[in-house]
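Please keep the viewer open as you read, and follow each stop in turn.

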Amino acid sequence: MSKLPNVTTSIFTEMSKMASEHNAINLSQGFPNFPVDERLTEIVSRLALEDVHQYTPMSGYPPLLNKIAALVKSSYNRNILPETEILVTAGATQAIFTTLLALLKPDDEVIILDPSYDCYEAPILLSQAKPIRVALNDDYTPNWNIIDSAFSEKTKMIIINNPHNPTGKILNESDFEKLESLLEKYPDVLLLSDEVYEYITFEQKHISTHTRKKLLDRCITVSSFGKSFHVTGWKIGYLVAPNYLMKEIKKVHQFLVFSVNSICQIAVSEYLALVDVNEISSFYQEKRDYFRALLKNSRFQLMPCEGTYFQVVSYADISNENDVDFCKRLIIDYGVAAIPISTFYENGKDLKLIRFCFAKDDLTLAEAARRLEVI
């Protein structure tokens, strides 16, 4: 008997497979296709010949833990203890999975805000807990009154994703004030903050939970070097949590992966001394602006993109098809792959919106736009 009877092949795998079969430009799955920073690849090349291939300590390579603490301090002016409040993980997904398995008990409830990334629900179900899906407004802003009404005596955690995948929306100061007021009413509820796109924001800057003093004693914050440094295949991220929570998370981590890829940890540690994370946003803003300009004369309506490397568009003026069928036809007839937004909702809510990834080189974006303009 399946523990996850409703889980099937993910929409990302399905769309990427179709893109490959039809030789389509793949703007569906969120990975870059441009070269990695030469400084980073040079570090890896050198390290490959050094004695760095055995286990690192369970929590992470100690110099990397110190670099992460320094990064959080420089980015958010928060002091954290490398030995007890940081855990290096095999990507953000493992960080989230491990956290949920460690902290949830049977019959706990977890608030998830839809549309939501698909990695949250499975570990909740495997913990015999219950996901409570609450839809954002159609403009992807939170309705805090509705979110409040979803809380119960069984609520153990709320998950936020900021900047938000798939929509690119960023929570503002008012949102955080309302979240803080809400959690004051429920002192035992934890907060899991998925911030993997924290360094990819544009006109509206990212507000991190690291800056919210009222939340720090109950918050687990998840970050991704893979996303920030264009090395998604490395699957390396980290989480920050207060020690009393981290102790429980590490108990699961040690039996799930024990420790993370040593050469990648050491390479990232050295790279952090060279790279300026503040340059990441401007790099991707150029990509966003270029892609939006290319689509300006198409029949797609461009939705706001405040962060991430995803652009959501409406095809309501083009077709009445549901978004899954439209995305399949987009691949077959026009040679461009996208992701249907309905698949991020529990109830499959279809607003005629699809998501393109613009973390691609300019030639790829230009050719994709050329194909989309004829629709």
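## Salt bridges, pockets and a covered helix

Glu 203 counts as exposed, at 57% relative accessibility. Keep in mind that this is a predicted model, and that every value below is computed from it.

What does Glu 203 pair with? Its salt-bridge partner is Arg 288, and the closest N and O atoms are 2.8 Å apart. This pair connects distant parts of the chain, with Glu 203 in the loop between S6 and S7 and Arg 288 in helix H12, 85 residues apart. Is Arg 288 buried or exposed? Arg 288 has 7% relative accessibility, and because buried means under 20%, Arg 288 counts as buried.

Side chains of opposite charge can pair when their charged atoms come close. Searching the whole structure gives 21 salt bridges. Three of them are set out here.

| Pair | Closest N to O distance |
|---|---|
| Arg 46 and Glu 270 | 2.4 Å |
| Glu 203 and Arg 288 | 2.8 Å |

Take Arg 46 and Glu 270, joined by a salt bridge with 2.4 Å between the closest N and O atoms. The two residues sit in distant parts of the chain, Arg 46 in helix H2 (residues 38-47) and Glu 270 in helix H11 (residues 262-271), 224 residues apart. Arg 46 is partly exposed, with a relative accessible area of 38%, and Glu 270 is partly exposed as well, at 27% relative accessibility. A network of salt bridges links Arg 46, Glu 50 and Glu 270.

Lys 214 is exposed, with a relative accessible area of 56%, and Glu 184 counts as exposed at 51% relative accessibility.

The largest pocket holds about 1400 Å³ of space. Its lining is made up of 50 residues, and those nearest its centre are Ser 10, Phe 12, Tyr 117, Asp 118 and Cys 119. Helix H1 (11-21), helix H5 (91-103), helix H6 (121-126) and helix H9 (225-228) are the elements that give two or more residues to this lining. Which of them gives the most? H5 does, with 5 residues. By class, the lining of the largest pocket has 22 nonpolar, 18 polar and 10 charged residues.

The second largest pocket has about 200 Å³ of space. Among the residues that line this second pocket are Ser 75, Tyr 76, Glu 198, Lys 205 and Asn 278. Helix H3 (62-76) and helix H12 (278-295) each give at least two residues to that lining, which divides into 3 nonpolar, 5 polar and 2 charged residues.

The largest cavity has a volume of about 150 Å³. Of the 17 residues lining this cavity, Leu 113, Leu 136, Ile 160, Asn 161 and His 164 are the closest to its centre. Strand S5 (residues 155-161) makes the largest contribution to the lining, with 3 residues. That lining has 10 nonpolar, 6 polar and 1 charged residues. The second largest cavity, with a volume of about 40 Å³, has Leu 71, Phe 225 and Val 277 among its lining residues.

Finally, visit helix H10 (residues 243-256), whose 14 residues reach 19 Å from first C-alpha to last, close to the 20 Å expected at 1.5 Å a residue. Its buried residues are Leu 245, Met 246, Ile 249, Lys 250 and His 253. Their cover includes helix H4 (82-85), strand S2 (86-89), H5, S6, S7 and strand S8 (237-240). Thr 98 lies in helix H5 and counts as buried at 0% relative accessibility. Leaving out residues up to four places away in sequence, Thr 98 touches Ile 249, Val 252, His 253 and Leu 256. After H10 comes Phe 258, with a positive phi near 60 degrees.

Technical notes: Residues are numbered from 1 along each chain as its sequence is written. This is a predicted model: local features need pLDDT of at least 70, side-chain atom pairs count only at pLDDT 80 or more; totals for chains, interfaces and linings use all residues. Side-chain values use heavy atoms; hydrogens and water are left out. On a 1 Å grid over the protein atoms alone, a cavity is a set of points where a 1.4 Å probe fits but cannot get out, and a pocket is an open set with protein on both sides within 12 Å along at least five of seven lines; lining residues have an atom within 4 Å of a point. Grid points are joined across faces, edges and corners, and a volume is the space filled by probe spheres set on the points. Helices (H or I, at least four residues) and strands (E, at least two) are DSSP runs, numbered from the N terminus. Ala, Val, Leu, Ile, Met, Phe, Trp, Tyr, Cys and Pro count as nonpolar, Asp, Glu, Lys and Arg as charged, and the others, Gly among them, as polar. A salt bridge is a side-chain nitrogen of Lys or Arg within 4 Å of a carboxyl oxygen of Asp or Glu. Buried means under 20% relative accessible area, exposed over 50%, partly exposed in between (1.4 Å probe, protein chains only). The expected span of a helix is 1.5 Å times one less than its number of residues. Contact means heavy atoms within 4.5 Å.
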